[in-house]
Amino acid sequence: MITRKSYIWLALAFIGIAATAAVFAYPGPAGNTVQADGRETIAQGGEMAVNGIESSSSIITKAEPPNPLEFLTAGAAGTDSATEVTVYNNNLALVKERRKLDLNTGVNNIEYTDVAALIDPTSVIFEDTKNKNTAVLEQNYEYDLVSSYKLLDKFLGKEITATEKEGETYTGTLLSHDGGVVLQLSDGKVVSLTEVSRLEFPDSAGLLTKPTLVWQIYSPVSGSRNVLTSYLTGGMNWKADYIVKTNADDTKADIQGWVSIDNQAGTTYEDARLKLVAGEVHRIAVPQRNYYEEAAVEEEVAYDSVKGGFAEESLFEYHLYTLERPATLKNKQVKQLSLLSADSVPVKKELIFDVSKSDKVQVALNLTNSKDRGLGMPLPAGVLRVYKSDSEGQLQFLGEDSIDHTPKDEEIKVVVGNAFDVTGTRTQTDYQRISTDVWRESYEIELKNHKSQAQKIRIVEHFYGDWEITTGSDTYEKTDAYTAEWEVNVPADGSKKV
């Protein structure tokens, strides 16, 4: 006999069975289920994947990682670039990139391509601008790039197809590829092919076409976000070059400064925000392996003198120069950009006779790097080349010299060359040993001027230890503990002895 209480229990049991069936039939509105180990299962097109990584479970299949290669579109402003490259003087660059990634909740496999071939993988910094809990769990730098030789290496012991020069095709297991291809055919026979016109592989064996960072990234939430990545790379350098055009009497000069950026890093940076650091940055010398083998490409030189030059600022104990517009740095290219331009800068030509540097009379140009002289910008180290117009108005090269990093308001001396019509000789005329630690020496310097105008010449002498000039034909100035200088006038077509 069935009582009222029995009906109630049967009804409750039916409701419980129906609810359980509904749970298995509909896993949830979001399609994500958190498993006991804390990972999330993501439904994609009817297939299931765990955290975007292939699982050993027979229920879950591999999910393709999101494509991380789309750059953010640069904004309307010329400096709003997705890439920033800061180049140093010592074959070093800091690259900062902003890219868009589509991340699933959990762990994602990401291939981050288009990085420099000479990247320092230990210097990579990753930041999710939307969620600080996003983190890189594992990073691998893959530089085993695809090539015929490496494909043959990867397929040792596997089946490939080879076509001889005459056109006959063989398919078999690759046994060797040293000096030819050795295949074991399906019937057990072994053939050796020395002249192969074509090789066919079933796939790329996981080899990459360009250097790639492979990340495992944990994301607490799914969605699209902007990530900032920075890394150091070798293969990039910059230097400064200066062009000085003097006027007829060598009292003023027009000066142009250029910077040359040499990109040998193995990748191109499109529309990058470019910064240059002038200064000696200390680095630990670690031997660098050449990860990326690339066919030699003829170096390309690109000139750029469009308006929108460099803005200078102090950075720590260095100076930073920021280009106020985007620039593309192509791989295997030297790009030249205008750094400064100053007209009618006062200069002073000087003749110097210093036998410690040259046995000839040197010609130098002196100028002051000050604002009231038309300059006043901290000048990076580089080569300064001097030109002058001839009687026909054509520029002629006079000489060049290197300058060190020069702060504002400092003096610059450029040795241009040796005088042709002004000569100097230095002769020792006497030597006496006074005691063990004291001796007396006599010298004569003769300067000859074959020009039609008198010439002013500065004589420089260097001494060591305790010294004293007891007798001299001309007055001198003791410029430091070891140096004495004379300033003399040599008459036109005449000579002067000191």
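How many bridges join strand 16 to strand 26, and do the two run parallel or antiparallel? Seven bridges link strand 16 to strand 26 (residues 382-389), and the pair runs parallel. Two strands count as paired if DSSP finds at least two bridges between them.

Before going on, a quick word on what you're looking at. This is a predicted model, where local features need pLDDT of at least 70 and side-chain atom pairs count only at pLDDT 80 or more, while totals for chains, interfaces and linings use all residues. Residues are numbered from 1 along each chain as its sequence is written, and side-chain values use heavy atoms, with hydrogens and water left out.

**The chain overall**
- You'll find two helices and 34 strands in the chain; these are DSSP runs numbered from the N terminus, with helices being H or I of at least four residues and strands being E of at least two.
- Out of 498 residues, 37% count as buried (under 20% relative accessible area; exposed is over 50%, and partly exposed is in between, using a 1.4 Å probe and protein chains only).
- Take the contacts (heavy atoms within 4.5 Å) between residues at least 6 apart in sequence: 66% of them join residues at least 24 apart.

**Strand 16 and its partners**
- Strand 16 (residues 236-246) also pairs with strand 17 (residues 252-263), this time antiparallel, through eleven bridges.
- Strands 16 and 17 make a hairpin with five residues between them, and Asp 250 in the turn has a positive phi of about 60°.
- Across from Trp 238 sits Ile 261 in strand 17, while Asp 241 has Val 383 in strand 26 as its bridge partner.

**The nonpolar cores**
- A nonpolar core is a set of buried Ala, Val, Leu, Ile, Met, Phe, Trp, Tyr and Cys residues joined through side-chain atoms within 4.5 Å.
- The largest one holds 56 residues, and Met 236, Ile 261, Tyr 269 and Leu 276 touch the most other members.
- Leaving out neighbours within four places in sequence, Met 236 contacts residues including Val 85, Tyr 88, Leu 92, Ile 261, Tyr 269 and Leu 329.
- Apart from that core lies another of 16 residues, including Ala 419, Ile 457, Ile 459 and Val 488.

**The largest pocket**
- A pocket is found on a 1 Å grid over the protein atoms alone: it is an open set of points with protein on both sides within 12 Å along at least five of seven lines, whereas a cavity is a set where a 1.4 Å probe fits but cannot get out; lining residues have an atom within 4 Å of a point.
- The largest pocket has about 1100 Å³ of space, where volume is the space filled by probe spheres set on the points, which are joined across faces, edges and corners.
- It is lined by 29 residues, and those nearest its centre are Glu 441, Phe 463, Glu 468, Ile 469 and Thr 470.
- Strand 30 gives the largest share of this lining, seven residues.

**The cavity**
- Searching the whole structure turns up one cavity of 30 Å³ or more, and the largest cavity contains about 40 Å³ of space.
- Among the residues lining the largest cavity are Tyr 242, Ile 255, Leu 340 and Ile 412.

**A closer look at Val 124**
- Val 124 is in the loop between strand 6 (106-112) and strand 7 (125-128).
- Val 124 counts as buried because its relative accessibility is 18%.
- Not counting residues up to four places away in sequence, Val 124 touches Leu 213, Trp 215 and Tyr 231, among others.
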